[in-house]
Amino acid sequence: GDLEINNVSAGLIKLNLEDGALKMRNIEGELDIDIEDGDVTISDYSGNDCLIDIEDGQLDMERASGNFNIESEDGDVELRYLRAGTLKAKSSDGDIYVDLLDSEEPDIEIRTEDGKAVIDFDANISIEIEAETDDGHIKADISNPEYEKKKRNYYFSEINGGKGHMYIRTQDGNVVLREVK
């Protein structure tokens, strides 16, 4: 069945669900979530480490900060208003959308096998961006990169000193990079 958790502060919250949706709001602490079949919605999260593994379902997370390791076998991943030290997001069959806020030296890795990757990021972020795709196109809407290299299936740029690193890889899907002012 479905599960809703609100207003919890704990050292570690560990959840294993077979079938059903999970909704969480106002959560503080480490998260370890493993779901076989169901959507996950999380808002207003802060913690050191957040591990989410979804076999079949969508992840929708907003207003979150911390270090994230997210994997979805069959479903989209949407991360809005995210402040990440580390983000590793992977989808075997689904799109990944990230709205990345400015953070100090972020380490971002995004991979899709069959899906697109759309990354909106704060114009003030200091980051190197590297993107690759086997069967797709890369579109970068970045106003003043300090360095930029473009090819059909490859893109690299350095923004605001390039202190952090972002790597995006799709096998069959487009990559869209958008600077947000």
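## Salt bridges

A salt bridge is taken here as a side-chain nitrogen of Lys or Arg within 4 Å of a carboxyl oxygen of Asp or Glu. The structure is a predicted model, and by this rule it holds 11 salt bridges. One of them pairs K88 with E109, whose closest N and O atoms are 3.5 Å apart. This pair links distant parts of the chain, since K88 belongs to strand β5 and E109 to strand β7 (residues 107-114), 21 residues apart. K88 is partly exposed, with a relative accessible area of 34%. E109 is also partly exposed, at 24% relative accessibility.

Salt bridges with shared partners join D44, D60, E62, R63, E78 and R80 into one network. Within this group, R80 forms a salt bridge with D60, and the closest N and O atoms are 2.6 Å apart. R80 lies in strand β5 (residues 77-93) and D60 in strand β4 (residues 59-74), so this pair ties together parts that are 20 residues apart in sequence. R80 also forms a salt bridge with E62, with 3.0 Å between the closest N and O atoms. Here again the pair links distant parts of the chain: E62 is in strand β4 and R80 in strand β5, 18 residues apart.

## Aromatic pairs

The count of aromatic pairs comes to two. In one of them, the ring centres of Y45 and F68 are 6.1 Å apart and the ring planes stand at 65°, so the pair is edge-to-face; the cut-off for that class is an angle over 60 degrees. Y45 lies in strand β3 (residues 40-56) and F68 in strand β4, so the contact ties together parts that are 23 residues apart in sequence. Both Y45 and F68 are buried.

## Strand β14: R178 and E179

Strand β14 covers residues 175-180 and includes E179; R178 is found in strand β14 as well.

The side chain of E179 is joined to that of S143 by a polar contact of 2.5 Å. Leaving aside neighbours within four places in sequence, E179 is in contact with F121, A123, D141, I142 and S143. For R178, the side chain makes a polar contact of 2.6 Å with the side chain of D120. With neighbours within four places in sequence again left aside, the contacts of R178 are Y97, V118, I119, D120, F121 and D141. R178 and A123 are 55 residues apart in sequence, and their C-alpha atoms are 9.0 Å apart in space.

## Positive phi angles

Most residues other than glycine have a negative phi. N7 has a positive phi near 55° although it is a residue other than glycine. N7 is found in strand β1 (residues 3-19) and counts as exposed at 52% relative accessibility.

N160, also not a glycine, has a positive phi of about 50°. N160 is found in the loop between β12 (154-159) and β13 (164-172). Its relative accessible area is 38%, which makes N160 partly exposed.

## Overall fold and dimensions

The secondary structure of the protein comes to zero helices and 14 strands. Read along the sequence, the pattern is therefore a run of β elements, β-β-β-β-β-β-β-β-β-β-β-β-β-β. Among contacts with a separation of 6 or more, 28% are between residues 24 or more positions apart.

For 181 residues, a compact globule would have a radius of gyration near 16 Å, and the protein agrees with this at 16 Å. Along its principal axes, the C-alpha trace spans about 50 × 30 × 20 Å. Buried residues make up 43% of the 181 residues. The protein exposes about 8700 Å², of which carbon and sulfur atoms supply 37%.

Terms used
Residues are numbered from 1 along each chain as its sequence is written. This is a predicted model: local features need pLDDT of at least 70, side-chain atom pairs count only at pLDDT 80 or more; totals for chains, interfaces and linings use all residues. Side-chain values use heavy atoms; hydrogens and water are left out. Helices (H or I, at least four residues) and strands (E, at least two) are DSSP runs, numbered from the N terminus. Buried means under 20% relative accessible area, exposed over 50%, partly exposed in between (1.4 Å probe, protein chains only). Rings of Phe, Tyr and Trp (its six-membered ring) pair if their centres lie within 6.5 Å; planes under 30 degrees apart count as stacked, over 60 as edge-to-face and the rest as tilted. A polar contact is a pair of N or O atoms within 3.5 Å; within protein, one must be able to donate a hydrogen and the other to accept it, and residues adjacent in sequence count only if both atoms are side-chain atoms. Contact means heavy atoms within 4.5 Å. The radius of gyration is taken over C-alpha atoms; the globule rule is 2.2 Å times the number of residues to the power 0.38. Accessible areas come from the Shrake-Rupley method with a 1.4 Å probe; for residues, only the protein chains shown count as cover.
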